[in-house]
Amino acid sequence: MSQAFSSAQPVNHQSNNDSNDYANNEPATNTATSDFNQNTAINVDASEVEKFNNLASEWWNKTGAFATLHEINPLRLNWIEENVKRGFMSADSSKTAEMGLAAKKVLDVGCGGGILAESMARRGADVTGIDLGTENLKAAALHAEQSNLNATLRYQHIPIEQLAATHAGQFDVVTCMEMLEHVPDPAAIVEACFTLLAPGGVCVLSTINRNPKSYLFAIVGAEYVLRLLDRGTHDYAKFITPAELDKMAITAGFTRQDIIGLHYNPLTKRYWLAQNVDVNYMMAVQKPLA
């Protein structure tokens with residue numbers, strides 16, 4: 001039995017450092033900075049940002065509103081690292097593929113309260129998390145400070161399209177998890193991810209498939225029966241099929257690397273990865289070397 005998971009990352013982005021500081025590799029600080037240009041049209045649903053901002057105090061409560069994300073994080077973290085290794089080996093990169101996330105510059109798009117961003121920093125990555133939810137970022141920055149990760153983890157309040165305009169090709173890895181189904185134009189997010197990656201870089205995306213089964217599990221089951229998520233967390237019309245996401249990635253310039261389904265049995269409380277992508281799934285894609 002599968003179950004849909006909380007889309008805990010809204011349509012957002014951020015990083016602790018000024019964008020120019022990051023480009024110059026200056027030390028990170030522990031406060032989420034903002035380079036948000038208010039005059040720039042952004043790809044965001046304000047109600048989605050508010051929804052997660054209102055839950056900001058729950059991010060690091062492992063039995064709270066984001067308990068599911070804490071539980072699935074090891075699975076997705078390991079899968080991300082496996083695909084980073086595979087991607088860099090295939091690209092014959094000068095960076096050591098066997099190191100996985102270590103020593104890679106990583107961007108976590110729609111980072112929310114920093115659950116995934118922190119775990120990647122702990123694996124040795126230099127991580128920038130971006131989000132449009134200011135309260136999410138405050139929670140993320142505070143926890144990063146408490147975790148003594150200020151040297152390798154920063155957060156920034158900035159739309160991904162704005163960051164892509166100034167930091168093209170500056171990241172080895174880009175992750176965008178549980179966010180695409182919350183934005184008006186997910187294809188634009190995928191395109192920005194491509195722009196931000198260096199040639200040979202790896203991007204990992206996750207979202208929810210759109211079909212009767214996903215409606216049953218992601219909305220009816222998760223929100224109304226099991227009450228794993230607040231009602232209204234998901235909009236079925238915004239779910240994205242693997243074929244649609246694959247088309248977005250190919251149009252942006254990516255090549256597909258791998259795809260996997262993320263599953264949950266509410267009776268045994270067990271999470272696992274499998275080839276079935278009927279509900280939640282992750283897709284790894286790569287930017288060609290040339």
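**Close-up views of a predicted model**

View 1. Not counting residues up to four places away in sequence, Gly-169 touches Thr-195, Leu-196, Leu-197 and Ala-198. The model shown here and in the other views is predicted. Gly-169 sits in the loop between helix H6 (160–166) and E5. Its relative accessibility is 33%, so Gly-169 counts as partly exposed. Gly-169 and Thr-195 are 26 residues apart along the chain, and 6.1 Å separates their C-alpha atoms.

**View 2. The whole protein chain, for orientation.** The protein chain has 290 residues, of which 59% count as buried. Its secondary structure comes to 9 helices and 9 strands. Among contacts in the protein chain with a separation of 6 or more, 75% are between residues 24 or more positions apart.

**View 3. The aromatic pair of Phe-194 and Phe-254.** The whole structure holds 4 aromatic pairs. In the pair formed by Phe-194 and Phe-254, the ring centres are 5.0 Å apart and the planes stand at 85°; planes over 60 degrees apart count as edge-to-face, so this pair is edge-to-face. Phe-194 belongs to helix H7 (residues 186–196) and Phe-254 to the loop between helix H9 (242–252) and E7, so the pair ties together parts that are 60 residues apart in sequence. The C-alpha atoms of Phe-194 and Phe-254 are separated by 7.1 Å. Both residues of the pair, Phe-194 and Phe-254, are buried.

**View 4. The surroundings of Phe-194.** Phe-194 has a relative accessible area of 19%, and since buried means under 20%, Phe-194 is buried. Leaving aside neighbours within four places in sequence, the residues in contact with Phe-194 are Ala-252, Gly-253, Phe-254, Lys-287 and Pro-288. Of these, Phe-254 is also the ring partner of Phe-194 in the edge-to-face pair.

**View 5. The aromatic pair of Tyr-264 and Tyr-271.** The ring centres of Tyr-264 and Tyr-271 are 4.4 Å apart, with the planes at 20°; planes under 30 degrees apart count as stacked, so this pair is stacked. Tyr-264 and Tyr-271 are both buried.

**View 6. Gln-257 and its contacts.** Gln-257 is placed in strand E7 (residues 255–265). Its side chain reaches the backbone oxygen of Asn-83 at 2.7 Å. Leaving aside neighbours within four places in sequence, Gln-257 is in contact with Asn-83, Arg-86 and Gly-87, with Val-202, and with Ala-284, Val-285 and Gln-286.

**View 7. The largest pocket and its lining.** The volume of the largest pocket is about 160 Å³. Helix H3 (67–90) and helix H4 (115–122) are the elements that give two or more residues to its lining. The lining consists of Trp-60, Lys-62, His-70, Asn-73, Pro-74, Leu-77, Ile-115, Glu-118, Ser-119, Arg-122 and His-143. These lining residues divide into 4 nonpolar, 4 polar and 3 charged.

View 8. H4 is mostly covered, with 7 of its 8 residues buried. The buried residues of H4 are Ile-115, Leu-116, Ala-117, Glu-118, Ser-119, Met-120 and Ala-121. Among them, Ile-115, Glu-118 and Ser-119 also line the largest pocket. Gly-124 follows H4 and has a positive phi, near 100°.

**View 9. Positive phi at Ala-103 and Glu-178.** Ala-103 is not a glycine, yet its phi is positive, at about 70°. Ala-103 is found in the loop between H3 and E2. Glu-178, likewise a residue other than glycine, has a positive phi near 50°. The loop between E5 and H7 holds Glu-178. With a relative accessible area of 6%, against a limit of under 20% for buried residues, Glu-178 is buried.

Conventions. Residues numbered from 1 in each chain as written. Predicted model: local features only at pLDDT ≥ 70, side-chain atom pairs only at ≥ 80, totals over all residues. Heavy atoms only, no water. Helix = DSSP H or I, 4+ residues; strand = E, 2+ residues; numbered from the N terminus. Polar contact = N/O pair within 3.5 Å; in protein donor to acceptor, adjacent residues only side chain to side chain. Contact = heavy atoms within 4.5 Å. 1 Å grid on protein atoms, 1.4 Å probe; cavity = no way out; pocket = protein on both sides within 12 Å on 5 of 7 lines; lining within 4 Å. Points joined across faces, edges and corners; volume = space filled by probe spheres on them. Nonpolar A, V, L, I, M, F, W, Y, C, P; charged D, E, K, R; others polar. Buried < 20%, exposed > 50% of the residue type's maximum accessible area, 1.4 Å probe, protein only. Phe/Tyr/Trp six-rings, centres within 6.5 Å; stacked < 30°, edge-to-face > 60°.
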